[in-house]
Amino acid sequence: MYRILVCDDNREFLKLMVLLLEKYAGAYDAAVIGCEGGHDLLAYCWNNKLDLIYMDIVVGRENGMSLAKAIKAMNPRALIVYISAYDDYYVDMVQAEPFRFISKDASDIPKLERQIADTLDAAMKRINGRETWSYVFDRKKYHIELGKIKYFYSIARTIHIAGDLGEAPDYYYGRLDELETELKRIDGNFVRISKRYIINMKYIRFMGKSKVEIEHKVLAVTAKYQEKFVEKCAEYWSLNT
């Protein structure tokens, strides 16, 4: 069973969030827990594994972003959805690795419910490795599960895709820099190893500082990307072993 925690110091809004989440959580075999303060939140996180957390950006006198960093230290895999009535916080929240952001507006319950349903569905896809990525080829949009992609590589103005794509085309027109930015936002399993390649770490068979093997294909890790590559792989394996 998955655990979803909601933290908000506004008791009535907390009850509303729990009620709306419970409406959808059953479909994902998930339990919903509510916490009114940062102390209770950290105490629960210390003793329990969490999958998804909805939390106010300001919890009483406590800074939600500082709480988020402490939560990530205890539950590195936990996804965090920030709740705030103030959009100005968004830039700062990016630094605290948010999964999603929803607006705090109890006056528009249908909108709040839609945001909850959307973030919950996206979170469960991420947790279960079924998150999708889309691209356009010949004016048609294709959706591929990121977990089925082994690596991307660029040739001139095209990006080629290696993996289980079904009947979807294995390349499209684009820039690898833009793809790298997009992947950082939606999936932490991908890492860039050179000017031309971005790989999915789950498919690594062997790695060294300057090379990596995926499905019997040996790829070079160039000097510019070696340090970040080693850090990302160490983080990935610490969470998956």
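With which residue does Asp51 form a salt bridge? In this predicted model, where local features need pLDDT of at least 70 and side-chain atom pairs count only at pLDDT 80 or more, totals for chains, interfaces and linings use all residues. Residues are numbered from 1 along each chain as its sequence is written, and side-chain values use heavy atoms, with hydrogens and water left out.

The partner of Asp51 is Lys49, with the closest N and O atoms 2.7 Å apart. A salt bridge is defined here as a side-chain nitrogen of Lys or Arg within 4 Å of a carboxyl oxygen of Asp or Glu. Side chains of opposite charge can pair when their charged atoms come close. Asp51 is buried, at 7% relative accessible area, whereas Lys49 is exposed, at 52%. Buried denotes a relative accessible area under 20%, exposed over 50%, and partly exposed the range in between (1.4 Å probe, protein chains only).

The salt bridges number 10 by this rule. One of them pairs Lys150 with Glu215, whose closest N and O atoms are 3.4 Å apart. This pair links distant parts of the chain, 65 residues apart: Lys150 belongs to strand E10 (residues 149-155), and Glu215 to the loop between strand E16 (211-214) and strand E17 (217-220). Helices (H or I, at least four residues) and strands (E, at least two) are DSSP runs, numbered from the N terminus. Lys150 is partly exposed, with a relative accessible area of 23%, and Glu215 is also partly exposed, with 39%.

A further salt bridge joins the side chains of Arg175 and Glu178 at 3.7 Å, N to O. Through shared partners, salt bridges connect Arg175, Asp177, Glu178, Glu180, Lys184 and Arg192 in one network. Within it, Glu178 is partly exposed, with a relative accessible area of 49%.

Two loop residues were also examined. Asp8 is located in the loop between strand E1 (2-7) and helix H1 (11-25) and is buried, with a relative accessible area of 0%. Beyond residues up to four places away in sequence, Asp8 is in contact (heavy atoms within 4.5 Å) with Phe13, Leu14, Cys35, Glu36, Asp56 and Lys104. A separation of 8.7 Å is found between the C-alpha atoms of Asp8 and Gly38, which are 30 residues apart along the chain.

Ser194 sits in the loop between strand E13 (190-192) and strand E14 (197-200). This serine is buried, with a relative accessible area of 8%. Apart from neighbours within four places in sequence, Ser194 contacts Ala220, Thr222 and Tyr225.
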